[in-house]
Every structure is written in structure tokens, then in C-alpha cells.
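Please open the model in your viewer and keep the sequence panel beside it. The stops below go from the whole chain to single residues, and each one names what to select next.

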Amino acid sequence: MIDRVIDIFKEISNIPRCSKNCSAMSSYLCRWAEENGFDCRQDDALNVFIDVPASEGYENRPVVALQGHMDMVCVKSDTSNHDFSKDPIRVYADGDWLKADGTTLGADNGIALAMAMSIALDRDSKHPPLQLIFTADEEIGLVGASRIDGSMIKACELINIDSETEGVFVIGCAGGEDSELSLRVSRVDYKVDKPFRITVSGLLGGHSGMEINKKRANAIKLINEILSEAFEFVELVHLKGGKMRNAIPAYAEAEVYAKNLDGLKGVLSFLRQKFRDEYPNEEIRIELVDGDFDKKPVSKADFLAIVKLLKELPHGVYRMYDDKIPMISNNLAIVELLEDRLDIATNQRSLTEDGLDEITGVIERIAGEFGCSFRRHSRYSSWTPNEDSHLLRKAVHLWGEMYGQKPAVEIIHAGLECGIIGSKKKGIDMISLGPNIEDAHTPQERLSISSTERVYNFICKLLER
């Protein structure tokens, strides 16, 4: 069956499905359902609900949902010319791994769709009535799930296939919220020195929930340190870093006029070594290239305010829950210097509502100190664990029976749609699981084929029990 799962995944990969661009994917899923004789409903948020009849003898069992999200984080390598709005993801096998050519693979969470669709097509499998729930725009704040009408959810149990470590059953997750800051700046007339572009690249980046506690470098923080150290040597024209709220920034750039080129080069040389020492596992590249712009720089006072603001804003784990799980975190995600303002986007996470208020409050306070406008939005609920879950007990027992080892049961810091779904369908019994996916939200993302087969077989047996 793994061949069919991979074939469906590759077919999905031909369809553009970046967050905010889920229309084609949603329509494809509806057509697929109709072509295979399944009832399908699509809501205004482009979420898709597909009803799959029970196997013979399983008709009277409660409905079980298989759930995942259709959108993906679209990030490409510095050298890729991929156009996510129209180009298919170029998927290829490298030993046991599925990878993409210069882009994110989209196994997060396309493999959930492929597994669920394959199970629905397997006429020999034994399962109760199934409801396939495929949501839109999960990666930008669980938007699709937040707009689900709870009456659309027929299931009493739900298997979310959006975890990334085989043999781990997730029973709780963090909630989240986004914040936006904007600092007004002014431009000044200036006797133009030679223009340069400073770039920071080669960072690992990663998922701001799954990798936030791994102390990976943030390109925005690094380029801000460069600008701070080179403050007396340059005038700032432009600054940009980060692409997605839930991805640790792996690239940033600044356009400057160099008043003292030797001084600037000295700063870059010093910081190259400093960053290598601080982040030995990352291939951090700091490059200085000639610029081709002729624009006014921001005032020196505003330049200083930018540097101080970006230094003050927190990034990373704010407080730990235990030795392994963050309690509260913030991702300094996106920054862009426009003509008259600096825009900043952050993403906060917490296992508790109070913690979410606390970290968002810290950011709001900093915004106020610097005279920034501030907006918080796209809040979503945490998922409170249910350690007495019947579905969990059944899954733990079956995993040990099939694979001879006890699975891990965890709470994670990343956001899952289970929190929102649980708030809309009271009493629904849920677990989250998935195959091994590494470096999600980066061009290095890869999916283990053998792990996918084991998890797929497990879900089939779980449905049969």
C-alpha cells in the first residue's frame, strides 16, 4: 500500500497549495471524492469534509475522523527559481527519504492527505465510517480549523496525522497568537557613499514550534547584530528578513551606504567567526556585495531605534515546562523596512492561556516603549491532554503489539488543530501521530518512506480494532 500512498502524495505535490492559496487543492479534493463515489462538502474557508462508508460489518461503529491540513509552508533555497504559484514540487527518492529539489517538500502535511485518501480507496481494509477532514491555511494560524462549523464534525474519535516523529503519540499542544508591530521612520537627504548589500544565509531555520528549543540562529537577530556593530560605519537604507510567522528566519539582508568600508569589513570578519563559534552546526554565510540602489537612508536616530527594538524583542524559549518541552516561546519571524515604517511580525506560543497573555504582553510593552503601533490577532486554543483517553489506550497497546516497543506519549509546543477542533466538538477523543519528517518548513525537509509505511499500517490496524 505504501506505493499508493507515495503516488497520491506526488500527485498532490503537482498542485499549488501554499497557505492563502488553497483553492486549487480544495477543489481537487472535492473532485477526487466525487470521482470515487464519496460524499463531499466544502465550506467557505475551503475546508473539505469527505464521508467514506464503513467496511462490511463495521457499519454500526462510531465515526472516526482522519484529519490533516492541505496547505504547506513554501520556502525555497537561495538559488532556486521555483514559482510556488504554478510550479509542481519536484519530489524524488534518496534511499529511504523523499525530498524536494530546492524547496520545502510539503510532507507537512500532504502526507496526511495521502494516507487518508489511500485508506479510503483500500477496499480490503476494515474500518468504521470515516470522515476525512482536510483543513486550509493551517500554517498561518490554523485559519481553516478556526472557521469550521462544529456541526460539520460527525466523528466521535479523531486521528490527527500532523505529528513528525514515529512512535510518538501527541495528546496536547500549545496555543498561539500572532503580533504585529510597526515603527514609523523618516528618510533624510544624504551625500551618497558606495551602496552595498549585506546578506545572512545558510541558517538551518526550522519550525518555530518544533525547533524553537534547539537554539538555532535567527537571521533577523544576526543581521541586527551586524548593523549594531557597524552602526558608525554605515547608513541604513533597507532591511528584510524572514518569510513565515511559524518558520525561524533563515535569511536576512540589509542595504547600506558604507561610510567606512574598512570598518564595515572588519565588523563582518569579526562576526563571521563569532557566529561560527556560537552556532557550530550551521553553515552561516555573511556576504557583502555591491548594491545597485539610489535611495535615501533612514535618519540616524531611527536607525538606532530599529537596532535597539530588534535587540529588545525576545526570540526563542521564554520559559520551559520541563527539561524537554517549552512552556512559552516567541518567534521573531518577519521584518521589513519600508519607505516610512519598519514592520515586524512575531508568533507567540504557550501551553497555557495565561502564558500566552504573558509573552504577548511583553511584546506589547516593548512596542509601547518604542512608540510602535501594535496588533495581536489569530489566537488559537491549546489542547488540554486527556490521559484517560480510550483512543490513546487502544493506540498504545496496539503499537506495542505491532512493533514490540512502548510508544512515547507527549505534549508538544507546536500548535495542532486538535485544540480548535476539540473546542468545537465537545468530548471528541483525539490523538496526533505521524511518520518521521525532518527539517519541516525548510528546503531540507525530508520524509522517511519506511516510517510512513509503518505508520500507515498502524492506522489501518487501529481503525480495524
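This is a predicted model: local features need pLDDT of at least 70, side-chain atom pairs count only at pLDDT 80 or more; totals for chains, interfaces and linings use all residues.

**The whole chain**

Residues are numbered from 1 along each chain as its sequence is written, and side-chain values use heavy atoms, with hydrogens and water left out.

Orient the view along the principal axes, where the C-alpha atoms fill a box of roughly 80 × 45 × 45 Å. Colouring by secondary structure brings up 11 helices and 21 strands; helices (H or I, at least four residues) and strands (E, at least two) are DSSP runs, numbered from the N terminus. The radius of gyration is 24 Å, close to the 23 Å that the globule rule gives for 465 residues, so the chain is as compact as a globular protein of that length; the radius is taken over C-alpha atoms, and the rule is 2.2 Å times the number of residues to the power 0.38.

Of the 465 residues, 59% count as buried, where buried means under 20% relative accessible area, exposed over 50%, and partly exposed in between (1.4 Å probe, protein chains only). Among contacts between residues at least 6 apart in sequence, 79% join residues at least 24 apart, a contact being heavy atoms within 4.5 Å.

**Cysteines**

Select Cys18 and Cys74 next, which are joined by a disulfide with an S to S distance of 2.0 Å; a disulfide is a pair of cysteine sulfur atoms within 2.5 Å, and the structure holds 1 of them. The link of Cys18 and Cys74 is left-handed, with -110 degrees about the S-S bond. Cys18 lies in the loop between helix H1 (2–12) and helix H2 (23–35), and Cys74 in the loop between strand S3 (64–69) and strand S4 (91–94), so the pair ties together parts that are 56 residues apart in sequence. Both Cys18 and Cys74 are buried. By contrast, Cys173 is in no disulfide, and the nearest cysteine sulfur, that of Cys418, is 6.6 Å away. Cys173 counts as buried at 2% relative accessibility, and Cys372 is also buried, with a relative accessible area of 11%.

Move to helix H5 (residues 219–229), whose buried residues include Ile220, Leu222, Ile223 and Asn224.

Strand S11 (residues 234–241) has 7 of its 8 residues buried, so the strand is largely enclosed by the rest of the structure. S11 runs antiparallel to strand S12 (residues 252–258), to which 7 bridges join it; two strands pair if DSSP finds at least two bridges between them. Show Leu236, which stands opposite Val256 in S12. S11 also pairs with strand S15 (residues 326–337) in the antiparallel sense over 2 bridges, and there Lys240 has Glu336 as its bridge partner.

**A four-stranded sheet**

Finish at the open sheet of 4 strands in the order S4-S5-S21-S20, with antiparallel pairing. Its edge strands, S4 and strand S20 (437–438), each pair on one side only. Between S4 and strand S5 (residues 97–100) there are 4 bridges, and Val91 has Ala100 in S5 as its bridge partner.
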